[in-house]
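Hi,

Here is the structure I promised to pass on. My notes follow below it.

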Amino acid sequence: DTESKPLSQAVFEYSTIGVVRASVLQDDGTSHLVLQGLQRIRFVDWIDEKEYPYATIETIEPELFDRSKGDQLRKASLLLLDKLTEGNKGISKTLVAALVDITDIDVFADMFAQNVITNPYTRQHFLECINPCERLELLIRHLTNLVRQERSS
């Protein structure tokens, strides 16, 4: 029960600062949001004296990585995505076209993962990977498992 825990224990240490790009009101009164992450952060300290959640944070910059390795991992990711779209398992052709055009490995990894990783704990693990190549390796393992599942069903 997260309500009985202090906020510092109920929230993951790493997160993202972002903006709401779109909001669509649903019939049940909820909204579907399109969020754009702008910056990875780490919560450093929670300040309890405020009436609302308040924390000090530090920004997390991506680690330097081998560009040629990043390009190879990007290509491998796209090949696996192509295998998944053969069965048309809800993966948008628009997404595929958009990903092909993204050459920034950091942005590519985040955009790709946001659209194919649905498990919140896997997403959190991905978010905590600071190195873009490590994120792509995690994504490739995830995609490989999805391809295996698709073939066995």
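Helix α2 passes helix α3 in a left-handed crossing, meaning that the near helix is turned anticlockwise from the far one by less than a right angle. Their axes come within 11 Å and cross at roughly 170°, which makes α2 roughly antiparallel to α3 (an angle over 145 degrees). On the α2 side (residues 67–86), Arg-74, Leu-78, Leu-81 and Thr-85 make the contact (heavy atoms within 4.5 Å). From α3 (residues 93–101) come Lys-93, Val-96, Leu-99, Val-100 and Asp-101.

This is a predicted model, where local features need pLDDT of at least 70, side-chain atom pairs count only at pLDDT 80 or more, and totals for chains, interfaces and linings use all residues. Residues are numbered from 1 along each chain as its sequence is written, and side-chain values use heavy atoms, with hydrogens and water left out.

Now the sheet: three strands form an open sheet in the order β1-β2-β3, with antiparallel pairing (at least two DSSP bridges between two strands). Its edge strands are β1 (14–25) and β3 (55–60). On average, neighbouring strands are turned by 50° against each other, direction ignored. Between β1 and β2 (residues 31–46) there are 11 bridges, and Ala-22 stands opposite Val-34 in β2. Helix α5 (residues 120–128) packs on the sheet and touches β1 and β2.

Finally, Arg-135 sits in helix α6 (residues 132–152). Its relative accessibility is 0%, so Arg-135 counts as buried (under 20% relative accessible area, 1.4 Å probe, protein chains only). Among the residues that Arg-135 touches are Arg-40, Asp-106, Asp-110 and Phe-126.

Best wishes

Technical notes:
Helices (H or I, at least four residues) and strands (E, at least two) are DSSP runs, numbered from the N terminus. Buried means under 20% relative accessible area, exposed over 50%, partly exposed in between (1.4 Å probe, protein chains only). Axes are lines fitted to C-alpha atoms, for helices over the stretch in contact, and angles run from 0 to 180 degrees between N-to-C directions. Angles under 35 degrees count as roughly parallel, over 145 as roughly antiparallel, 65 to 115 as roughly perpendicular and the rest as oblique. Lists of a residue's contacts leave out its neighbours within four places in sequence.
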